Amino acid sequence: MNRLESTATVNGLRMHYLRAGDGPPLFLLHGWPQTSHCWHKILEPLAATHTVIAPDLRGYGRTDKPRTGYDKRTMAADVAALAEHLGFERTAVAGHDRGGRVAHRWALDRPDQVDRLAVLDIAPTRAMWQRLDTGVAKAYWHWLFHLQPDLPELLAGQNIAGYLGYFYERWTHQRHGLDADAVAEYVRAFSQPGALRAGFDDYRASFPDDAELDDADFAAGKRVTQPLLALWGANGLLGTLPTLEIWQEYANDVTGAALAECGHFLPEEQPDEVVSHLRKFLNP
């Protein structure tokens with residue numbers, strides 16, 4: 001496989017990305033606390049039929065870490081500009097975790113650019129806040145913590161590997177954590193100047209910017225009109241929620257499945273299953 005690692009200046013920042021394969025474009029958007037490296041197990045199989053682009057989102061990995069622009073509209077505009085820079089008029093997109101929220105906003109804001117949307121182990125942000133009972137709060141406590149100014153950087157910065165390692169271990173079904181090499185790459189990335197702050201700013205943008213826009217879109221009846229595939233881990237939080245039905249409130253054409261023996265990190269815990277579902281979805 002011919003894999004390229006490059007950087008492009010788009011939307012006012014230098015964005016690092018991986019590129020592999022030929023064929024129709026497919027953008028892969030990572031979440032927190034990860035980088036584009038999270039796709040390392042599925043990049044090559046998907047590149048057999050598609051041109052796969054896996055960027056580091058604003059503030060993450062080797063991409064710039066500005067002090068502003070972490071609302072999902074701006075982050076979606078970043079990847080939209082990268083697609084245009086690379087000469088793609090339309091693209092499929094799959095997003096995991098926070099990257100799924102960016103992908104959701106991209107599909108809403110630019111339906112002429114996104115032709116298919118896959119979301120991995122997320123439900124719409126608005127829907128999750130509405131379901132904030134004790135069970136969701138126990139699982140998503142980090143959302144509320146990361147919203148706080150300055151404190152997360154202060155505490156997590158004392159032991160970055162320990163803080164991130166808590167999530168890598170707790171959010172995987174088998175509790176073995178992720179591959180040691182992958183964890184080392186993520187810890188390296190979040191140990192760079194500005195990286196912790198940028199990742200927390202991604203969460204801090206939830207209020208008021210993302211919430212106000214999500215509420216306005218829902219009130220106006222704006223929905224995802226493209227085909228949408230939702231995948232989630234059967235052994236994670238979304239396995240306890242009516243995830244497919246939730247997405248059907250926000251999109252017109254929804255299919256999906258829970259992946260057995262899987263927690264939150266689908267592309268690394270069940271890569272073969274993710275590739276199988278994405279191939280069927282991308283090649284109907």
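Tutor: Helix α3 (residues 98–109) lies across β3 (25–29), β5 (91–96), β6 (114–120) and β7 (224–233), where contact means heavy atoms within 4.5 Å. Helix α3 runs at about 145° to β5, with axes taken as lines fitted to C-alpha atoms, for helices over the stretch in contact, and angles running from 0 to 180 degrees between N-to-C directions. Helices (H or I, at least four residues) and strands (E, at least two) are DSSP runs, numbered from the N terminus.

Student: Before we go on, what kind of model is this?

Tutor: This is a predicted model, in which local features need pLDDT of at least 70 and side-chain atom pairs count only at pLDDT 80 or more, while totals for chains, interfaces and linings use all residues. Residues are numbered from 1 along each chain as its sequence is written, and side-chain values use heavy atoms, with hydrogens and water left out.

Student: OK, and how many helices and strands are there?

Tutor: The chain has 14 helices and 8 strands. The 8 strands form an open sheet with mixed pairing, in the order β1-β2-β4-β3-β5-β6-β7-β8, and two strands count as paired if DSSP finds at least two bridges between them. At the edges are β1 (3–10) and β8 (251–259), each of which pairs on one side only. From one strand to the next, the twist averages 20°.

Student: How do β1 and β2 pair?

Tutor: β1 pairs with strand β2 (residues 13–20) in the antiparallel sense, over 8 bridges. In that pairing, Arg 3 stands opposite Ala 20 in β2.

Student: And which way does β4 run against β2 and β3?

Tutor: β2 and β4 are antiparallel, with 4 bridges, and the bridge partner of Leu 18 in β4 is Ala 54. β3 and β4, by contrast, run parallel and are joined by 3 bridges, with Val 52 in β4 as the bridge partner of Leu 26.

Student: Is β4 (residues 51–55) covered or open?

Tutor: It is mostly covered, since 5 of the 5 residues of β4 are buried, buried meaning under 20% relative accessible area, exposed over 50%, and partly exposed in between (1.4 Å probe, protein chains only). Thr 51, Ile 53 and Pro 55 point one way from β4, while Val 52 and Ala 54 point the other way. In a regular strand, side chains alternate between the two faces of the sheet.

Student: Switching to charges, how many salt bridges are there?

Tutor: The count comes to 20 salt bridges, each being a side-chain nitrogen of Lys or Arg within 4 Å of a carboxyl oxygen of Asp or Glu. One of them joins Asp 215 and Arg 126, whose closest N and O atoms are 3.0 Å apart. Asp 215 lies in helix α11 (residues 206–219) and Arg 126 in helix α4 (residues 125–130), so the pair ties together parts that are 89 residues apart in sequence.

Student: Are those two buried or exposed?

Tutor: Asp 215 is partly exposed, at 42% relative accessible area, whereas Arg 126 counts as buried at 17%.

Student: Which residues of helix α9 are buried, and what do they pack against?

Tutor: In helix α9 (residues 180–190), the buried residues are Ala 182, Glu 185, Tyr 186, Val 187, Ala 189 and Phe 190. They pack against α8 (160–170), α10 and α13 (266–269).

Student: Last topic, what about the chain as a whole?

Tutor: Of the 284 residues, 57% count as buried, and along its principal axes the C-alpha trace spans about 45 × 40 × 35 Å. Among contacts between residues at least 6 apart in sequence, 75% join residues at least 24 apart.
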